Amino acid sequence: MESKFDETDNILDFYITEEIDHHTTEKIRRKMDYEITRFMPRKVVFDFSNVSFMDSAGIGLLIGRYKLVKLIGGSAEMKNVNKNIAKVLEMSGVVKIIPIKPNKKVG
Amino acid sequence: MELNFLSKSNNEAFARITVAAFAAQLDPTIEEIADIKTAVSEAVTNCIIHGYENEEGMVKVKATLMQNIIEIEISDNGIGIEDVELARKPLYTTKGNLERSGMGFTIMESFMDEVEIHSVVGIGTKVIMRKKIKKEESEEIDEKENALIN
């Protein structure tokens with residue numbers, strides 16, 4: 001996973017590059033929490049463009065990070081979510097608290 | 001097809017990828033493969049976190065093809081589930097402190113056609129899941145055949 005902090009807009013972007021399951025969430029969680037507490041962003045964006053798989057461990061991960069961001073007065077959103085991941089997300093209702101940003105139209 | 005592996009979390013990816021490769025014989029759609037991978041991942045994770053509570057044990061995955069149906073049996077010799085009906089409920093989890101969402105069985109049930117849970121406390125848990133591949137297409141064929149007959 002890579003992250004990028006935009007100082008002007010105070011937005012923290014997480015580019016997740018691994019499959020998200022119980023095994024990988026531990027490491028991702030530690031890194032995300034470190035970056036969130038370090039930058040105290042007003043918004044966190046989870047970018048799924050390089051995520052090929054996610055199970056319910058991802059839901060726990062997202063809700064946990066959302067709680068942390070909310071604690072510091074920020075919000076969260078997701079982008080570039082593929083169909084299969086959207087299916088898992090929608091089932092859990094997590095999209096109600098972390099909305100999926102629509103993809104930018106090309107052209 | 002049968003797999004036996006240690007209840008280590010890095011085997012979750014191994015299990016779902018292997019079952020997906022086995023299921024590929026039925027020529028499933030990308031979505032069907034994703035459904036199977038997700039359901040297998042949930043069941044195997046349950047064995048590791050709940051069945052063995054992160055202690056060492058063996059997880060067994062058995063997959064069988066019957067025409068266009070895949071049956072996947074995932075079992076452990078762990079602690080078992082006291083109340084299976086409660087465990088099936090969406091959002092119910094005994095491991096909330098581990099940021100578990102309580103969606104495991106709900107996902108298995110919605111991504112597969114049938115899910116059976118057999119569990120005996122102190123003996124272990126076995127989950128049997130079935131999914132029909134190319135459901136829509138075969139239903140379409142059925143409809144066409146029926147139309148021809150009529």
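Predicted model: local features only at pLDDT ≥ 70, side-chain atom pairs only at ≥ 80, totals over all residues.

Me: How do you know what chain A is built from?
Reply: Chain A has three helices and four strands. Read from the N terminus, the order of its elements is β-β-α-β-α-β-α.

Me: Why is chain A called as compact as a globular protein of that length?
Reply: The radius of gyration of chain A is 13 Å, and the globule rule gives 13 Å for 107 residues. The value is close to the one from the rule, so chain A counts as compact in that sense. The C-alpha trace of chain A spans about 40 × 30 × 25 Å along its principal axes.

Me: What share of chain A is buried, and what share of its contacts joins residues 24 or more positions apart?
Reply: Of its 107 residues, 38% count as buried. Among contacts in chain A with a separation of 6 or more, 70% are between residues 24 or more positions apart.

Me: Why is A:Ile59 called buried?
Reply: The cut-off for a buried residue is 20 or more other C-beta atoms within 10 Å. A:Ile59 has 24, so A:Ile59 is buried. This residue lies in helix H2 of chain A.

Me: What does A:Ile59 touch, leaving aside its neighbours within four places in sequence?
Reply: A:Ile59 is in contact with A:Val88, A:Ser92 and A:Val94, and also with B:Ser101 and B:Met103. Its C-alpha atom is separated by 9.7 Å from that of A:Asp21, 38 residues apart along the chain.

Me: Why is A:Arg29 called partly exposed?
Reply: A residue is partly exposed when its count falls between the exposed limit of 12 or fewer and the buried limit of 20 or more. A:Arg29 has 17 C-beta neighbours inside 10 Å, so A:Arg29 belongs to the class in between. The residue is in helix H1 of chain A. Not counting residues up to four places away in sequence, A:Arg29 touches A:Leu61 and A:Gly64. A:Arg29 and A:Leu62 are 33 residues apart in sequence, with 9.0 Å between their C-alpha atoms.

Me: What makes the phi of A:Asn10 worth a note?
Reply: Most residues other than glycine have a negative phi. A:Asn10 is not a glycine, yet its phi is positive, about 60°. A:Asn10 is found in the loop between strand E1 (2-6) and strand E2 (11-15) of chain A.

Me: Which residue of chain B has a positive phi without being a glycine?
Reply: B:Glu99 has a phi near 60°. B:Glu99 lies in the loop between helix H3 (84-88) and helix H4 (104-111) of chain B.

Me: How is chain B made up?
Reply: Chain B has five helices and five strands. From the N terminus on, they run β-α-α-β-β-α-α-β-β-α. Buried residues make up 35% of its 150 residues.

Me: Why is the crossing of H1(B) and H2(B) called right-handed?
Reply: A crossing is right-handed if the near helix is turned clockwise from the far one by less than a right angle. H1(B) passes H2(B) in this way. The axes of helix H1 (residues 11-23) and H2(B) come within 9 Å and cross at roughly 145°. Among the residues that meet there are B:Ala15 and B:Val19 in H1(B), and B:Ile36 and B:Val40 in H2(B). By class, this contact has eight nonpolar, two polar and three charged residues.

Me: Which residues have the most contacts inside the largest nonpolar core?
Reply: They are A:Phe46, B:Ala39, B:Val40 and B:Met108, in a core of 53 residues. Helix H2 (residues 30-51) of chain B gives the most to this core, with eight residues. B:Ala39 touches B:Ile107, B:Met108, B:Phe111, B:Met112 and B:Met129, not counting residues up to four places away in sequence.

Me: How do the two chains meet?
Reply: 18 residues of chain A are in contact with 20 residues of chain B. On the side of chain A that touches chain B, the largest share comes from H2(A), with seven residues. By class, that side has seven nonpolar, seven polar and four charged residues.

How values were computed
Residues numbered from 1 in each chain as written. Chains lettered and ligands numbered in written order. Contact = placed C-beta atoms within 7 Å. Helix = DSSP H or I, 4+ residues; strand = E, 2+ residues; numbered from the N terminus. Nonpolar A, V, L, I, M, F, W, Y, C, P; charged D, E, K, R; others polar. Core = buried A, V, L, I, M, F, W, Y, C linked by C-beta atoms within 7 Å. Axes fitted to C-alpha atoms, helices over the stretch in contact; angles between N-to-C directions. Rg over C-alpha atoms; globule rule 2.2 N^0.38 Å.
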